[in-house]
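Visitor: I would like to go through this model by question and answer. Please keep to what can be read from the atoms.

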Amino acid sequence: MRYLLAIALMTLVPLPANAADLKGKARIIDGDTIELAGERVRLHGIDAPEEGQTCTAGGKAWRCGQDATFALAHEVGNHWVTCKVRTRDRYGRLIAKCYVGPYDLGAKMVRNGWAIAYRRYSEDYVDEEAKAMDDHVGLWRGEFLPPWEWRKQKRQ
């Protein structure tokens with residue numbers, strides 16, 4: 001009951017006054033989440049493997065979740081990040097499209113194969129995903145469970 005109440009209260013928490021546009025140096029949490037201006041920000045429209053998730057390529061397991069985190073860190077580098085906030089999720093994170101200069105981080109992560117289009121919430125990156133699949137890059141060089149399926153298995 002407390003858990004449900006906490007989730008309900010988080011959804012009622014208003015967005016910060018400046019939430020439409022957050023800017024600053026980002027701290028990478030994982031392949032689809034950053035911390036910016038004291039807020040956890042989930043990248044809109046993508047889902048990346050979780051930190052502990054493994055994938056297979058060439059018959060060998062590899063830490064694709066860790067590699068996705070490293071890939072986002074590489075894309076962000078030492079640059080400032082600008083996020084255009086859309087909403088807040090049930091966990092209290094801001095959901096936003098985030099950019100380094102003119103480059104959409106979500107699009108780059110999907111295009112490079114380190115995240116997949118999260119069609120449950122958006123179809124913004126379907127074309128990028130198709131290109132990554134065709135090029136066999138990132139996750140698409142082998143086999144993997146979609147992150148949402150991997151999380152579901154971990155909960156069971």
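Predicted model: local features only at pLDDT ≥ 70, side-chain atom pairs only at ≥ 80, totals over all residues.

Visitor: How many disulfides does the structure hold?
Guide: Cysteine 55 is bonded to cysteine 64, and cysteine 83 to cysteine 98. The number of disulfides in the structure is two.

Visitor: What is the pairing of the bonded cysteines, numbered in sequence order?
Guide: One link joins cysteine 55 and cysteine 64, with an S to S distance of 2.0 Å. The other joins cysteine 83 and cysteine 98, whose sulfur atoms are 2.1 Å apart. Numbered in sequence order, the pairing is 1-2, 3-4.

Visitor: Is the link of cysteine 55 and cysteine 64 right-handed or left-handed?
Guide: Both cysteine 55 and cysteine 64 are buried. The angle about their S-S bond is 70°. The link is right-handed.

Visitor: Which residues are linked with Glu50 in a network of salt bridges?
Guide: By the rule used here, the model has 15 salt bridges. One of them is between the side chains of glutamate 50 and arginine 151, at 2.7 Å from N to O. The network that contains Glu50 also takes in Asp32, Arg42, Asp47 and Arg151.

Visitor: How many residues apart in sequence are the parts that glutamate 50 and arginine 151 tie together?
Guide: Glutamate 50 and arginine 151 are both buried, and their side chains meet in a salt bridge. Glutamate 50 sits in the loop between strand E5 (46-47) and strand E6 (55-57), and arginine 151 in helix H5, so the parts tied together are apart in sequence by 101 residues.

Visitor: Which helices are linked by the pair of lysine 108 and glutamate 75?
Guide: The two side chains form a salt bridge with an N to O distance of 3.4 Å. The pair links distant parts of the chain, 33 residues apart: lysine 108 is in helix H3 and glutamate 75 in helix H2.

Visitor: Is lysine 108 buried or partly exposed?
Guide: Glutamate 75, its salt-bridge partner, has a relative accessible area of 17% and is buried. Lysine 108 has a relative accessible area of 28%. Buried means under 20%, and lysine 108 is partly exposed.

Visitor: Is aspartate 89 buried or exposed?
Guide: Aspartate 89 meets arginine 93 in a salt bridge of 2.7 Å, N to O. Arginine 93 has a relative accessible area of 19% and is buried. For aspartate 89 the relative accessible area is 13%, so this residue is buried.

Visitor: Where does arginine 90 lie?
Guide: Arg90 gathers with Arg120, Lys152 and Arg155 in a patch of positive charge on the surface. Its relative accessibility is 48%, so arginine 90 counts as partly exposed. Its place is the loop between strand E8 (80-88) and strand E9 (94-100).

Visitor: What is the phi of alanine 37?
Guide: Alanine 37 is in the loop between strand E3 (33-36) and strand E4 (39-43). The residue is exposed, with 54% relative accessible area. Its phi is positive, in a residue other than glycine, and lies near 55°.

Visitor: Where is the place of histidine 136?
Guide: Histidine 136 is not a glycine, although its phi is positive at about 55°. At 55% relative accessibility, the residue counts as exposed. Its place is the loop between helix H4 (126-135) and helix H5 (147-155).

Visitor: What is the C-alpha to C-alpha distance of asparagine 112 and valine 137?
Guide: Asparagine 112 lies in the loop between H3 and strand E11 (116-117), and it counts as partly exposed at 29% relative accessibility. Asparagine 112 and valine 137 are 25 residues apart in sequence, and in space their C-alpha to C-alpha distance is 6.2 Å.

Key. Residues numbered from 1 in each chain as written. Heavy atoms only, no water. Patch = residues over 30% accessible without salt bridge, like charges linked within 9 Å, V, L, I, M, F, W, Y side chains within 5 Å. Areas by Shrake-Rupley, 256 points an atom, 1.4 Å probe, with all protein chains shown as cover. Salt bridge = Lys/Arg side-chain N within 4 Å of Asp/Glu carboxyl O. Lys, Arg positive; Asp, Glu negative; His and termini not counted. Charge placed at Lys NZ, Arg CZ, Asp CG, Glu CD. Helix = DSSP H or I, 4+ residues; strand = E, 2+ residues; numbered from the N terminus. Buried < 20%, exposed > 50% of the residue type's maximum accessible area, 1.4 Å probe, protein only. Disulfide = S-S within 2.5 Å.
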